[in-house]
Amino acid sequence: MSESIGLLHADKRSPADAMRLFGGPALRAALAVALLGLPLVVAPSWLFTLGICFANSLGVLSVSMLVRYGGEVSIGHSVFAAAGAYTVAILEVRFGVPLWISLPLAVAVGALLGMAFAWPSRRLSGIYLAVTTMALALALPEIINAADAWTGGYEGLYVAQALLPAAPMGLQRYYVALLLLFAGVYALARLRESRQGMALLLARSHPAAADAFGTRRTWARLSAMAISAGIAGAAGASMAYASATVSPSGFTLWTAIFLLVGSVVSVYGLTLGRALLGGAFLTLVPQMLASSGAWIPIFYGCALLAVILVGHYAPKLRSLVERRGRGRSAP
Amino acid sequence: MTAPTLTASGLHLSFGGIRVLHDLDLEFRPGEITGLIGPNGAGKTSLFNCLTGAYRPEKGAILLGDRPLRGLPPAARAAHGIVRSFQTVALCPDLTVVENVMMGLARNHHAGWLDAFLPLPRGRRERAAMRTAATAALAEFGLVDAADRFPAQLPPGNQRLVEIARAIVGRPTVLLLDEPAAGLNDAETRDLTRVLQRLATPDLVMVVVEHDMDLVMGICDRIYVLNFGEFVACGTPAEVRTDPDVVRIYLGSDDD
Ligand SMILES: Nc1ncnc2c1ncn2[C@@H]1O[C@H](COP(=O)(O)OP(=O)(O)OP(=O)(O)O)[C@@H](O)[C@H]1O
Ligand SMILES: [Mg+2]
């Protein structure tokens, strides 16, 4: 499975090169400082778009995390993002709950939903997770519309409560999205160093070895999915806050697909720079699609998706076929 | 502290009607190095897989001391200190060498999820302690310099030694080594021999599957010979070497 994605593989073989390309700690810190200072120099309308870009970057990060630590592709992360976004929006609109309380709840809701999805396929590897999440992503806008008593239906909900009463709302949207992205990148950097993170990586490349050293596969699969979906929940909360609205059109199957494509564009990177790369892609492409209105970009998106899925699952399917021939797999 | 004896009796394993292990009785004792030899496909790795819980034998009992193991999943057996190395090196390519070895200690550590995401003192202390122990294990094989490299950057022999370091770092009570010397050069084999002999104390049950007969005959106190899933001989190296069945198996096959 570690060989499953050419790009990922190449990247892993040359950690030094990757460092050079996306900057060592110094360059990353410079990037972070630049983003923090950006509102001093750019126009407010740009701040709005950048805030959405940061939220999208966090969403891309959640998909990349699942690929890196779980070896899984999900075409349904819009579902977990929607869960986070609507948690924040509904809590604010119905109960006046501020973001600093609803945000942890959005993460928890995302994580629980992720575990619920991973549970049926916890012992299986292959395309099951991708297919089940995709089915829900497809149905999601209808579900949201149907629950319009809570979700505001097609028109959605307006998220407007300030975190700091005095500060301009535009700046708050920008900084909340940026700081959440920082937090996501930081948490994943910590995870990589932790015992749990290392155990997840071992379980992904050698499940039998992980088993032999006390890491249960079920635990690994559920944990990877819960973390990823939790981050997606935070991304959804960030999207809701940064864009000031939540509506079903923000969480269609296309959202899910572009999250995955953005993750591929960022080469599944978990650093700030890579996440921003994927986020920028995700922010620009839908606008491009909307303005062109032609079918070509859609075919393009479908082709891209097909390439990703074939690249990811071909080795697994081949080994499955070989295994059928031989009986069962040996660790 | 003396390690418990690992025993199995009446062990049967088959895959889709093909018999892999047939009615095995064995007793692996602490303080000894037990050799497990046999031609390719004899079932040596399958026997390890039964002992660690990766395979489920159809029949038979496996006991660690007087604790029955059958039915326990691999992770639970790992918690009892049963540890193995793999015939094909199973190191994680995304982890550095020292991190791979640290995974051998994972079952002894319990920092929670908060420690995983936040820089809390407990998680840091745990990581530092794991790193120290893992570095010491690497030092046994002269691999400290490779600690922060990735497995793919090491020659195959060194990769195997890293895997053995991962197996021994957690002070197991049962150590199952599957062809630990495969791919090692002479110097690496000497390092390995020295480490294994030093580990042969009453607090460890050690079983070595190996095709290198000089190594097996040199370090083992007792040798089991497996052929087509059945034991054909068991005894000291001298006894096994002269056993007519063993001689026939080894002279009659093209392996070794
Ligand atoms: N998961 C499995 N499914 C089907 N057959 C298996 C499986 N695992 C092992 N076998 C069969 O069991 C037999 C014993 O295999 P095993 O790997 O245990 O041999 P071995 O003694 O370790 O050989 P080698 O010296 O080549 O490593 C072989 O015929 C093998 O094909
Ligand atoms: Mg074998």
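## A quick tour of the sheet, loops and rings

Chain B has an open sheet of four strands, ordered β2-β1-β4-β5, with antiparallel pairing. This is a predicted model, where local features need pLDDT of at least 70, side-chain atom pairs count only at pLDDT 80 or more, and totals for chains, interfaces and linings use all residues. Residues are numbered from 1 along each chain as its sequence is written, chains are lettered from A and ligands numbered from 1 in the order in which they are written, and side-chain values use heavy atoms, leaving out hydrogens and water.

**The sheet in chain B**

- At the edges sit β2 (18-28) and β5 (67-68) of chain B, each pairing on one side only. Strands pair here if DSSP finds at least two bridges between them; strands themselves are DSSP runs (E, at least two residues), as are helices (H or I, at least four), numbered from the N terminus.
- Strand β1 (residues 6-15) of chain B runs antiparallel to β2(B), and seven bridges join them.
- Take Ser14(B): its bridge partner in β2(B) is Arg19(B).
- Helix α1 (residues 44-52) of chain B packs on the sheet and touches β1, β2 and β4 (59-64) of chain B, where contact means heavy atoms within 4.5 Å. The direction of α1 makes about 65 degrees with that of β2(B); axes are lines fitted to C-alpha atoms, for helices over the stretch in contact, and angles run from 0 to 180 degrees between N-to-C directions.

- Most residues other than glycine have a negative phi.
- Glu179(B) isn't a glycine, yet it has a positive phi of about 50 degrees. You'll find Glu179(B) in the loop between β7 (174-178) and α7 (186-199) of chain B. Its relative accessibility is 9%, so Glu179(B) counts as buried (buried means under 20% relative accessible area, exposed over 50%, partly exposed in between, with a 1.4 Å probe and protein chains only).
- Phe228(B) isn't a glycine either, and has a positive phi of about 45 degrees. Phe228(B) lies in the loop between β9 (222-227) and β10 (230-235) of chain B, and is exposed, with a relative accessible area of 66%.

**Cysteines**

- Over all chains, there are zero disulfides (a disulfide is a pair of cysteine sulfur atoms within 2.5 Å).
- For Cys50(B), the closest cysteine sulfur is in Cys234(B), 18 Å away, so that is too far for a bond.
- Cys50(B) is buried at 0% relative accessible area, and Cys92(B) is also buried, at 0%.

**Aromatic rings**

- Counting all chains, there are eleven aromatic pairs. Rings of Phe, Tyr and Trp (its six-membered ring) pair if their centres lie within 6.5 Å; planes under 30 degrees apart count as stacked, over 60 as edge-to-face and the rest as tilted.
- Phe80(A) and Phe117(A) have ring centres 6.0 Å apart and planes at 80 degrees, so this pair is edge-to-face. Phe80(A) sits in helix α5 (residues 77-95) of chain A and Phe117(A) in helix α6 (residues 99-118) of chain A, so the pair ties together parts 37 residues apart in sequence. Both Phe80(A) and Phe117(A) are buried.
- Phe28(B) and Tyr224(B) form an edge-to-face pair, at 5.4 Å centre to centre and 85 degrees between the planes. This pair links distant parts of the chain, with Phe28(B) in strand β2 and Tyr224(B) in strand β9 of chain B, 196 residues apart. Phe28(B) and Tyr224(B) are buried.
- Ring pairs also link Phe54(A), Tyr174(A) and Tyr175(A) into a cluster.
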